[in-house]
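Thanks, everyone. Let me put the model up, and then I'll walk through a few spots on it.

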Amino acid sequence: MSAQLAAYSTSTGEAFQFWVLGTVAVIGALCTILMKKAVHSALCLAGTMVVLAVFYLANGAYFLGIVQIVVYTGAIMMLFLFVVMLVGVTAADSLKETIKGQRWLAALCGLGFGVLLIAGIGNASLHQFNGLAKANAGGNVEGLAALIFTKYVFAFEITGALLITATVGAMVLTHRERTERAKTQRELAEQRVREGKHLPPLPAPGVYARHNAVDIAGLLPDGTPSELTVMQTLRERGQIRDVSGEALSDLKALEQRSADRLERSDERAEEASK
């Protein structure tokens, strides 16, 4: 009798955990949609997935909880986050539609899915609970596999097909076909001449540098610093250390020593000739 009451009742700790973490999950999901920057949206989605993993662990689904953290949050979401951070997504790309009317179609599909979800939850009925002990009698992995490949096998396969369709659709929407002919190297060079850009090849960082620090500009053969060898971010912050004066003094000293050696060698040659 006590086991049945425990199955149907909720403790204070469980209720507190649900309302706190549920609120965090909903806020993270809303921020995923409403954030302007893709990196912030990815971080909010990762936080929502971590909360879902905590829910799985709290309900005894240990295998799902670990998979949710390791696979989805740890691998897929972090890979997506790093790709977004490295590649970058501009506002112009996000507002440019490749298919006309796709926003209205997406809104209509989302509304229909919401209606179906609400109708399904409203018509669902649970008469009895098996409890965690009975559900995980043979182990959490075994119980989960039995449900996936027996009772919910068709729903599982349909979900897999839906995910594959969504992946292919994302590839189609993000694919860009070239609408104009690619410019040749000669045309690009002529364009750079017309625009007055830097014509010769850019100096490689550290070719003429006398230091290994990234905030010290590389020196050209005449001893003047080349700003092209330093990041624009450091240049805007004013964090570039100028060593041109020291380098010029070193060059002058080297030239003086070379001149002295040449004079000595000339004097020795004259003495030898006499």
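V70 is exposed, at 52% relative accessible area. The cut-offs: buried is under 20% relative accessible area, exposed is over 50%, and partly exposed is in between, with a 1.4 Å probe and protein chains only. Ground rules next. This is a predicted model, where local features need pLDDT of at least 70, side-chain atom pairs count only at pLDDT 80 or more, and totals for chains, interfaces and linings use all residues. Residues are numbered from 1 along each chain as its sequence is written, and side-chain values use heavy atoms, with hydrogens and water left out.

Back to V70. It lies in helix α4. Helices here are DSSP runs (H or I, at least four residues), numbered from the N terminus.

Which residues form the nonpolar patch on the surface? They are L57, Y62, I66, I69, V70, V71, Y72 and I76, with about 700 Å² of accessible area together. Those areas come from the Shrake-Rupley method with a 1.4 Å probe; for residues, only the protein chains shown count as cover. The patch rule takes residues with over 30% relative accessible area and no salt bridge, and joins nonpolar side chains (Val, Leu, Ile, Met, Phe, Trp, Tyr) within 5 Å. Helix α4, residues 62–87, gives the most, with seven residues. L57 sits in helix α3. L57 is partly exposed, at 31%.

Now F55. This residue is also in helix α3, residues 38–58. F55 is buried, at 17% relative accessible area. What does F55 touch, leaving out residues up to four places away in sequence? Q17, F18, L21 and G22. Contact means heavy atoms within 4.5 Å. F55 and L21 are 34 residues apart along the chain, and their C-alpha atoms are separated by 8.3 Å.

Last topic: charges. Side chains of opposite charge can pair when their charged atoms come close. The rule for a salt bridge is a side-chain nitrogen of Lys or Arg within 4 Å of a carboxyl oxygen of Asp or Glu. The count is two.

One joins R181 and E187, at 3.0 Å, N to O. R181 is exposed, at 59%. E187 is partly exposed, at 27%.

The other joins E190 and R186, at 3.4 Å, N to O. They are separated by about one helical turn, because they are four residues apart in helix α10, residues 185–195. E190 is partly exposed, at 36%, while R186 is exposed, at 63%.

Conventions: Helix = DSSP H or I, 4+ residues; strand = E, 2+ residues; numbered from the N terminus. Patch = residues over 30% accessible without salt bridge, like charges linked within 9 Å, V, L, I, M, F, W, Y side chains within 5 Å.
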